[in-house]
Amino acid sequence: MKTFDDISFSSVNASTSRRDFMRHASLGLGGILLGTSGLAGSLTGLPESHFGPASLEAWQANKQFGVALVGLGKYSTGQLAPALRETKLCRLAGIVTGSPEKVPQWKSKYNIPKENVYDYKSFDRIVDNPDIDIVYAVLPIAMHAEYTIRALQAGKHVICEKPMAMTPTECRQMIDAAKKADKKFSIGYRLHFEPHHQEVMRLGQKEIYGPIKCLVADNGYVFKNDTPWRVDKELAGGGPLVDLGIYCVQGVVYTKGQIPASVTAKFTPKPNNGLFKEVEAGVNWQFQFADGSVADCRTSYAESLPNRLQAEAAKGKFELTPSFGYGGIKGTTSQGPMNIQNVNQQARQMDNFADCILNNKATRVPGEMGLRDVQLMAAIYRAAETGQKVSTKDVQNIIDRTNSR
């Protein structure tokens, strides 16, 4: 019988595409999510009360970890680099890119010295650079494992964007590399540090409105091929499920506070635009939990979906709409608006990682959580391909508990 370590949501033989990508492609990263209006009442970094004592000392002394971004696409350009101007415990110190034409603007805009600029061939020399403490891998999924492991072997702490890797086996290799290097390693799950999502974790896991009966999560937009690697299966691993649907996977799991017991799924029809020769255009799936509750989820590159996370419980409802974007999240419950202030999600995420390093704390979003989600997505693909209900009993059992903050 196959285990989830035998399952991939993609072909692993991606060497040719990877080389071509590094040589020719522009790394346009990050998924264009809905809800990109300006932040209202944006905060910078984590509140002082959330820092450990070593972080407070570093903050007061104006000591910050140097971060190197690996890949200068949309997510690095539009979200991570600007956020690093707001972090309290981190700063942008270096860049790694296969696009030399981008280097002058980044050096000028962020005051990056030439010795902190790398390409993919010179990347391993980062081991000799004491100015860089954290490497943030912001690359196509096919490149995550390689550059995470190389960064860890170079003695750097690592954040890896989601999804963690192409296969559960790669995920385990990354986890093992972090343990061997004795370095902190986390996945770029920014919404675990976002207060609206922290509130739905509390409402769901604490059963404030009673046990959850049904969850709904949707995330999709019409893909315009502005980042072609996203529909290249060897680079992306899949289509909208791995890019956008992973937010739905995450959202229903941490709201319910349980791993589903099984999943059924169905691919949606592909439009006749030639974009989806290698990956799905969309997929609808349902998670079934052991207590009889369900989560109905949808993701798409061919349809604009509501961008929502909803929960119906025995004594009330709560939801986030919009729920997964960068530009502001809004929440309501049966009792009215949540009235929670929006924050810079990426700044909070990166400051939290620095706080874990400084105080030797475990991250809330470890590699094991990334492994869990790769396994769950593999189960969704298998269910859609076979038309059968697929058990998820072998999935890594890890949950971000509300009382672990």
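Predicted model: local features only at pLDDT ≥ 70, side-chain atom pairs only at ≥ 80, totals over all residues.
Residues are numbered from 1 along each chain as its sequence is written, and side-chain values use heavy atoms, with hydrogens and water left out. Local features need pLDDT of at least 70 and side-chain atom pairs count only at pLDDT 80 or more, while totals for chains, interfaces and linings use all residues.

**View 1. Helix H5, mostly covered.** Helices here are DSSP runs of H or I with at least four residues, strands are runs of E with at least two, and both are numbered from the N terminus. Among the buried ones are His-144, Tyr-147, Arg-150 and Leu-152. Just past the helix, Gly-155 has a positive phi of about 85°.

**View 2. Helix H7 packing on helix H9.** H7 (residues 195–205) and H9 (residues 240–256) pack at about 45°, their axes 6 Å apart. Axes are lines fitted to C-alpha atoms over the stretch in contact, with angles from 0 to 180 degrees between N-to-C directions. From H7, His-197, Val-200, Met-201, Gly-204 and Gln-205 meet Tyr-254, Thr-255 and Lys-256 of H9 (heavy atoms within 4.5 Å).

**View 3. Pro-322 in its loop.** Pro-322 sits between strand S12 (316–320) and strand S13 (331–333). Leaving aside residues up to four places away in sequence, Pro-322 touches Asn-307, Gly-328, Ile-329 and Lys-330. Its C-alpha atom is 5.5 Å from that of Arg-308, 14 residues apart along the chain.

Technical notes
Buried < 20%, exposed > 50% of the residue type's maximum accessible area, 1.4 Å probe, protein only.
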